[in-house]
Amino acid sequence: MSITYKDAEGIQGMRTAGRLAAEVLDYITPFIKPGITTREIDRLAAECMATQGSVSATLGYQPPGYPPYPASLCTSVNHVVCHGIPNDKPLKKGDIVNVDVTVIKDGWYGDTSRMFMVGEVSIAAKRLCAITFDAMWQGIMRVKPGVRLGDIGHAIQKFAEGQGFSVVREFCGHGIGRRFHEEPQVLHYGKPGTLEELQPGMTFTIEPMINAGRKEVKEHGNDGWTIVTKDHSLSAQWEHTVLVTETGYEVLTLSEHCPKPPAFVNA
Ligand code: MF3
Ligand code: CO
Ligand code: CO
């Protein structure tokens, strides 16, 4: 399957799905405190989606070689890199957790994730979350027609490694539209001037996974999904879905309470 370019109607559909995904994150935000379990977060999100009239894209999602994903969102705590499955273990003060929400509305997909700090967290954990947020925006701010995906990946990698962190290689951003994962792959590392040239109407995610320690990851246990850092170091991730416009980009997964872009974006 090749890259899909969205027309005006598709863009409207993607705007709606993207905003709803972000609003699910807004909705759960005040609940993320010491003592809540990730299963409770999942249930709150499922209720919110039902109210919206959206459907979780992750519940029952089954790419080739995987078991069906069992929850309405992903919760990746501390050294979990991605695809963590909600469970009954309460979050505790000092944890960092990525919550990744993908909804389907009228057949269109919106995909976004944020980091949450549970109570007071260490300075190192806070810095990893902040630098990963900035790394995502280092990629987003370069999106415009004519730029290549290698330019985006390079910007993210250079920034994250410049801060002493490492970039996970095994998972990447992706085209998105009427399917969850479309072409192209959006790597968070790379060489300037390489790979696909961006064109108006493309929609894809930028979702860097950044480790405090080494870049290597491994599968955890036997649930078929959970990915952790090999060295057990902390990992963080942020994700937006973006549209390539005639002159630049539009972030499709904004909402009233989503964190605002860093100052360097509009400087
Ligand atoms: N939302 C994830 C992404 O950003 C994918 C999660 S797939 C799941 O691409 F099955 F683990 F939920
Ligand atoms: Co996601
Ligand atoms: Co994604």
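Trainee: In which sense do E10 and E13 pair, and over how many bridges?
Mentor: Strand E10 (residues 209-211) pairs with E13 in the antiparallel sense, over three bridges. Pairing needs at least two DSSP bridges between the strands.

Trainee: Before we go on, what are the ground rules?
Mentor: This is a predicted model, where local features need pLDDT of at least 70, side-chain atom pairs count only at pLDDT 80 or more, and totals for chains, interfaces and linings use all residues. Residues are numbered from 1 along each chain as its sequence is written, chains are lettered from A and ligands numbered from 1 in the order written, and side-chain values use heavy atoms, without hydrogens and water.

Trainee: OK. Which residue is the bridge partner of Ile210 in E13?
Mentor: Ala236.

Trainee: And what sheet does that belong to?
Mentor: An open one of three strands, in the order E6-E10-E13, with antiparallel pairing. Strand E6 (166-167) and strand E13 (235-237) are the edges, each pairing on one side only. Helix H3 (residues 123-140) packs on this sheet and touches E10 and E13. Contact means heavy atoms within 4.5 Å. H3's direction makes about 35° with that of E13.

Trainee: What is the strand order in the E3 sheet?
Mentor: E3-E12-E11, open, with antiparallel pairing. Strand E3 (80-82) and strand E11 (217-219) each have a single partner strand, so one side of each has no neighbour in the sheet.

Trainee: Which residue does Lys218 bridge to in E12?
Mentor: Val228. Three bridges join E11 to strand E12 (residues 227-229).

Trainee: Switching to helices. How do H1 and H2 cross?
Mentor: Helix H1 (residues 8-28) and helix H2 (residues 38-52) have axes that come within 9 Å and cross at roughly 135°. Axes are lines fitted to C-alpha atoms, for helices over the stretch in contact, and angles run from 0 to 180 degrees between N-to-C directions.

Trainee: What do you call that arrangement?
Mentor: H1 and H2 are therefore oblique to each other. Under 35 degrees counts as roughly parallel, over 145 as roughly antiparallel, 65 to 115 as roughly perpendicular, and the rest as oblique.

Trainee: Which residues make the contact?
Mentor: From H1, they include Leu20, Val24 and Tyr27. From H2, Ile41, Leu44 and Met49 are among them.

Notes: Helices (H or I, at least four residues) and strands (E, at least two) are DSSP runs, numbered from the N terminus.
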